[in-house]
Amino acid sequence: MIDRLYRLLYPLALRVMFLLPAERIHTLISRALSTVGPRRPVLAATTRLFAPTDPILRTTVFGVDFPAPMGLAAGFDKNAEAIDAWPGMGFGFIEIGTVTGSAQPGNPQPRLFRLPADRALVNRMGFNNHGAAAAAHRLGARRRGPGSIPVGANIGKTKLAAPDEAIDDYRTSTRLLAPLADFLVVNVSSPNTPGLRDLQAVASLRPLLSAVLEIADIPVLVKIAPDLSDADIDDVADLAVELGLAGIVCTNTTIGRDGLATDADEVARIGAGGLSGAPLADRSLAVLRQLYRRVGDRIALVSVGGIETPDQAWERICAGASLVQGYTGFIYGGPMWVRDIHDGIAQRLRAHGFSSLREAVGSENTPHAAA
């Protein structure tokens, strides 16, 4: 009954919410999650409705135990303010941030836009956040124990840090956050911080990642853009293996605008920013497949970008993703979307004769194909 009521009312609620500016709605939802979501009666109720319970979904990746493979991508909870509410929303893990060494306001508003016809978003937020010290304080106060989920910290470069100061800026965030997070994601791929994507070049990325690895005693991953050339993707993959990274998060938002259903004049009016959601799905999957061909199971791959359905999530797992993430899908689908993804993965695991999620990872490349 509750399930049917939710599926009837959420689309109506979404239409009402879409009457307000996108960032305003994001702020209101975040505030509600941070203030009401962690309260024990609310958390107990949301957990019963949305949290995954099927043991076949449990998996261990880079030494961390995950109750389920779908996580919340970075960008929603930038400051770890709702960190104790997310287990009740059904996610198997979350990634806070992007967090920078120093607090910063980000780019001028408006800077977040909806493209409903494409089930997509465009953002040019610019790493608006309270800084690594504030995020560390909240991470240190989070609830742990039964019902908690792994938390990754996504770190990026403070906008005002000069190129030759970037490594020290990442070091600051690493020192503060690595002791309190379960894994660390080095973000060098947002299109909204000038010069950031230049750090994806191996000559710049090697010393940066090496500096982070020297400090962090937790798994370290790097997040890459979908707009890299195939040669650059291979170079980053080889570097990740060489340095002993735990994994690669693929992919961030795209600067491309090809194939959108939204009117071209509206797209032009919105202007610059990273595009996320359904239009990113094909490219994100292609990057994942290329990475898996290059690295196999030597490091973990976390796939994010355009995942909307259980079939798409399953396709990513079979293509080589040990974990998957969503953000825009959660905006358009709500927490029932997270539950549907997990239920669908569990059903497909059993239908294809797998006893664990790990067995399915990369299975499209083996004789026992699951697709």
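The report starts with the aromatic rings and then turns to the backbone.

This is a predicted model, in which local features need pLDDT of at least 70 and side-chain atom pairs count only at pLDDT 80 or more, while totals for chains, interfaces and linings use all residues. Residues are numbered from 1 along each chain as its sequence is written, and side-chain values use heavy atoms, with hydrogens and water left out.

**Aromatic rings**

How many aromatic pairs does the structure hold? There are 13 aromatic pairs, where rings of Phe, Tyr and Trp (for Trp, its six-membered ring) pair if their centres lie within 6.5 Å, and planes under 30 degrees apart count as stacked, over 60 as edge-to-face and the rest as tilted. One of them joins phenylalanine 62 and phenylalanine 66, and because the ring centres are 5.9 Å apart with the planes at 85 degrees, this pair is edge-to-face. Phenylalanine 66 has a relative accessibility of 0% and therefore counts as buried (buried means under 20% relative accessible area, exposed over 50%, partly exposed in between, with a 1.4 Å probe and protein chains only).

A further pair is formed by tryptophan 86 and phenylalanine 330, whose ring centres are 5.9 Å apart and whose planes stand at 70 degrees, so this pair is edge-to-face. Tryptophan 86 belongs to the loop between β3 (70-72) and β4 (93-100), whereas phenylalanine 330 belongs to helix α11 (residues 328-333), so the pair ties together parts that are 244 residues apart in sequence. Here helices (H or I, at least four residues) and strands (E, at least two) are DSSP runs, numbered from the N terminus. Tryptophan 86 is buried at 0% relative accessibility, and phenylalanine 330 is buried with a relative accessible area of 7%. These two residues are among the members of one aromatic cluster, which is formed by Phe76, Trp86, Phe91, Tyr327 and Phe330.

**Backbone angles**

| Cis peptide bond | Omega |
|---|---|
| glycine 97 to threonine 98 | near 15 degrees |
| cysteine 250 to threonine 251 | about 15 degrees |

Threonine 98 lies in strand β4, while threonine 251 is placed in the loop between β10 (247-250) and α8 (264-270).
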